[in-house]
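Please read the following walk through a protein model alongside its sequence and coordinates.

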Amino acid sequence: MIEKTISSIDGLLNFIRKLNEKHGLRLWYRGVADNTWPLLPSIQRNEYRIGAERYITNDFYIKAKQVLEKAPEKKNYSAWMSIMQHYGLPTRLLDWSQSPLVSVFFAVEKYSDFPETDACVWVLAPGKLNEIEGFGNCIYPVDADTIQNMLLPAFKENGHVEELNDKIIACHSTENNLRMYSQQANFTIHNSRRRLEDICDENTLYKIKIPAGAREYFLYSLEIFGITESFVYPDLDHISHDLKRFYNI
């Protein structure tokens, strides 16, 4: 894995331009506030969550089915998992964006909460990951049959498809959701306890470290480019928050 420290927008764009020349435009990005955090989906961050996964997903289905006006079909596991991820439940999905600037926003938006901590943006070649994992150099939509089978174990104890055990796959989001559209969201689905850092080679995964002292600069630069809270989270709460900050009220 190649790691590079970058302290300016110019440096970021130049590095990404070189990656695009190497890979084309099919790169994904994930911004995190602490560069020491591993690439683990939220359900795998402690043993209790892993053991409770099927209880969490089925309890969510039971309760959400009663309040959603247009609930997905019961066996549309990808739609249910996307909703759970959207509302902050631990899942086996890891979020990625096709926009490097949106990902930098996620990395630096809470800079005052981590004043001494370097942030980072991970860069993934999703087609290469899928090739390594035996799916070919293509990226499935999240509602494809292969992805549905990848998600079965999260809902059913006997939902294992043998050839999909211990696999990680990159897939495109297809949900009709404005926030996911603005964030250019995609996912990796983790049917494995292996970490992406351990299975990806130097042509598949990259790490851009953003020094703690550069985080506020990046956030200000993104605002100039229109990458603000209300762009990334397009709802009335964040529109109001942006306006209060703009008018200093």
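Predicted model: local features only at pLDDT ≥ 70, side-chain atom pairs only at ≥ 80, totals over all residues.

**Strands and their partners**

Residues are numbered from 1 along each chain as its sequence is written, and side-chain values use heavy atoms, with hydrogens and water left out.

Helices (H or I, at least four residues) and strands (E, at least two) are DSSP runs, numbered from the N terminus, and two strands pair if DSSP finds at least two bridges between them. Strand β6 (residues 168–172) is joined by 5 bridges to strand β7 (residues 185–190), and the two run antiparallel. With strand β5 (residues 140–141), β6 runs parallel, through 2 bridges, and here Y140 has C171 as its bridge partner in β6. Of the 5 residues of β6, 4 are buried, where buried means under 20% relative accessible area, exposed over 50%, and partly exposed in between (1.4 Å probe, protein chains only).

I199 belongs to helix α8 (residues 196–199) and is buried, at a relative accessible area of 17%. H190, for its part, is in contact with Q44, whose other contacts beyond four places in sequence are I50, S192 and R193. Q44 is placed in the loop between β2 (28–32) and α2 (47–67), and its relative accessibility of 10% makes it count as buried.

Side chains of opposite charge can pair when their charged atoms come close. Taking a salt bridge as a side-chain nitrogen of Lys or Arg within 4 Å of a carboxyl oxygen of Asp or Glu, the count comes to 8 salt bridges. One of them joins the side chains of R194 and D166 (3.5 Å, N to O); because R194 lies in the loop between β7 and α8 and D166 in the loop between α6 (145–151) and β6, this pair ties together parts that are 28 residues apart in sequence. R194 and D166 are also linked with E133 in a network of salt bridges. Another salt bridge is formed by K209 and E3 (3.4 Å, N to O), with K209 in strand β8 (residues 205–210) and E3 in strand β1 (residues 2–5), 206 residues apart.

Why is helix α4 (residues 100–108) described as largely enclosed by the rest of the structure? The reason is that 7 of its 9 residues are buried, among them F105. T228, in the loop between α9 (215–224) and α10 (229–232), touches F105 as well as E223, D242 and R245, not counting residues up to four places away in sequence, and T228 is itself buried, with a relative accessible area of 14%.

Finally, with a disulfide defined as a pair of cysteine sulfur atoms within 2.5 Å, the count comes to 0 disulfides. The sulfur of C120 is too far for a bond because the closest cysteine sulfur, in C200, is 14 Å away. C138 is likewise in no disulfide, the nearest cysteine sulfur being that of C171, 12 Å away.

Technical notes: Contact = heavy atoms within 4.5 Å.
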